[in-house]
Amino acid sequence: MKVDLFYVVPIIIGVIFAFIFVLIWNKKNSSENDTVSSRSILGLTKPIKVSEDLAEVERELYLADFSTELINEIVTKLDKNNDSNARKVQLKEILTKLLQNRAGADFSVDNKGASGLQTLLFVGVNGVGKTTTLGKIAHLMASGKKTLLVGADTFRAAAGEQLTVWANRINKLSNTTADVETASREGEDPASVAFSGALRAVQNGYDYLFVDTAGRLHNNKNFLDELNKIRRSIEKNTPITDVYIVLDGTTGQNALRQAEEFAKVVDITGLVITKFDGSAKGGIVFNVVHKLGIPVKYIGTGEGVHDLQEFDAQHAQRFVDTIVT
Ligand SMILES: Nc1nc2c(ncn2[C@@H]2O[C@H](COP(=O)(O)OP(=O)(O)OP(=O)(O)O)[C@@H](O)[C@H]2O)c(=O)[nH]1
Ligand SMILES: [Mg+2]
């Protein structure tokens, strides 16, 4: 009996310690996913190398996915006789100016509806990261504010649940209670969900109304008509202050065409480029701003709640400084 206790007691103590260790380890890892500091966009894209040879600079811009139209515009502005250092300075100036004239999130009070409600609508094609971006931006803005997330996406089965997961995450991380409004029955008209969500936000004094929409093909007329209907049904209750088109940064020139089609249906106020942590090339940021004259307001750098870079004039400058080398 004595011999048994000699072995059993240390084993039991060992098991208890191992159990406590596993508990602490799991807790640490799960909270780390939500508390990592935001991943910077700097250094995520391949740099543009500037040399004395103008044709070489042109080639570098092509490789970085700049549109032909924009490359031509840039190259005509570049001084032909510059050495590589002077050319680098000049190129940085041109690119910074392009972005800074448009960059910057403007959440001015003038933008809000009569009740002080700020309404943000998220649009874009399938899988670009609309819901994820909505969640990240809501988290950024929601602290201490009354926030409603509306899922006007009755197209995809789990869309409502995905929004609820985001609301729970936001509530856990910030001092707020983000509520969710989704379809009450399957196949409900997304415009009617948007309508009741907007009405609820106005009647109950919410500060922010975030409206998520289904991914739709940019060239599918029915889907675009439906989006128009969603927009109108919100506007019956409150003005839409921000319309963000979410573009997948890894899709290159295609993202530009998508944005052009969406712009025919809704007044886009800001661009969000996601998946910059993937194979995104720097050119896309400049192409969309150049073509649409709309500012890039955020850049997504991962799947986590903090993986979002606000893109103001200062960030635009730093972004250009790091990609032109
Ligand atoms: N790496 C990376 N993944 C992202 C980023 N943004 C979103 N994702 C991922 O992209 C996938 C699609 O994201 P969603 O937010 O569901 O995209 P969506 O546009 O709402 O999709 P639909 O509603 O089906 O049209 C998910 O796996 C996200 O985690 C990002 O910036 N970087
Ligand atoms: Mg979605």
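This is a predicted model: local features need pLDDT of at least 70, side-chain atom pairs count only at pLDDT 80 or more; totals for chains, interfaces and linings use all residues.
**Entry 1: around the ligand**

Next I checked some backbone atoms. A backbone N or O atom of V128 sits 3.2 Å from an oxygen atom of ligand 1. For G302, a polar backbone atom is 3.2 Å from an oxygen atom of the ligand. For G215, I noted 3.4 Å between a backbone N or O atom and an oxygen atom of ligand 1.

**Entry 2: α3 and α4**

I then turned to helices. Two packed helices are described by the angle between their axes and the distance between the axes. Helix α3 covers residues 68-77 and helix α4 covers residues 84-100; I found an angle of about 130° and axes 10 Å apart. That is why α3 counts as oblique to α4. On the α3 side, L70, I74 and K77 make the contact, and they meet Q90, L91, I94, L95 and L98 of α4. I sorted these residues into 6 nonpolar, 1 polar and 1 charged. The crossing of the two helices is right-handed.

**Entry 3: α4 and α11**

What does α4 do beside helix α11, residues 313-323? Their axes come within 9 Å and cross at roughly 150°. Angles over 145 degrees count as roughly antiparallel, so α4 is roughly antiparallel to α11. This crossing is right-handed. From α4, I wrote down K92, L95, T96, L99 and Q100; from α11, A313, A316, Q317, F319, V320 and D321. Here the contact residues divide into 6 nonpolar, 3 polar and 2 charged.

Key. Residues are numbered from 1 along each chain as its sequence is written. Chains are lettered from A and ligands numbered from 1 in the order in which they are written. Side-chain values use heavy atoms; hydrogens and water are left out. Axes are lines fitted to C-alpha atoms, for helices over the stretch in contact, and angles run from 0 to 180 degrees between N-to-C directions. Helices (H or I, at least four residues) and strands (E, at least two) are DSSP runs, numbered from the N terminus. Angles under 35 degrees count as roughly parallel, over 145 as roughly antiparallel, 65 to 115 as roughly perpendicular and the rest as oblique. A crossing is left-handed if the near helix is turned anticlockwise from the far one by less than a right angle, and right-handed if clockwise. Contact means heavy atoms within 4.5 Å. Ala, Val, Leu, Ile, Met, Phe, Trp, Tyr, Cys and Pro count as nonpolar, Asp, Glu, Lys and Arg as charged, and the others, Gly among them, as polar. A polar contact is a pair of N or O atoms within 3.5 Å; within protein, one must be able to donate a hydrogen and the other to accept it, and residues adjacent in sequence count only if both atoms are side-chain atoms.
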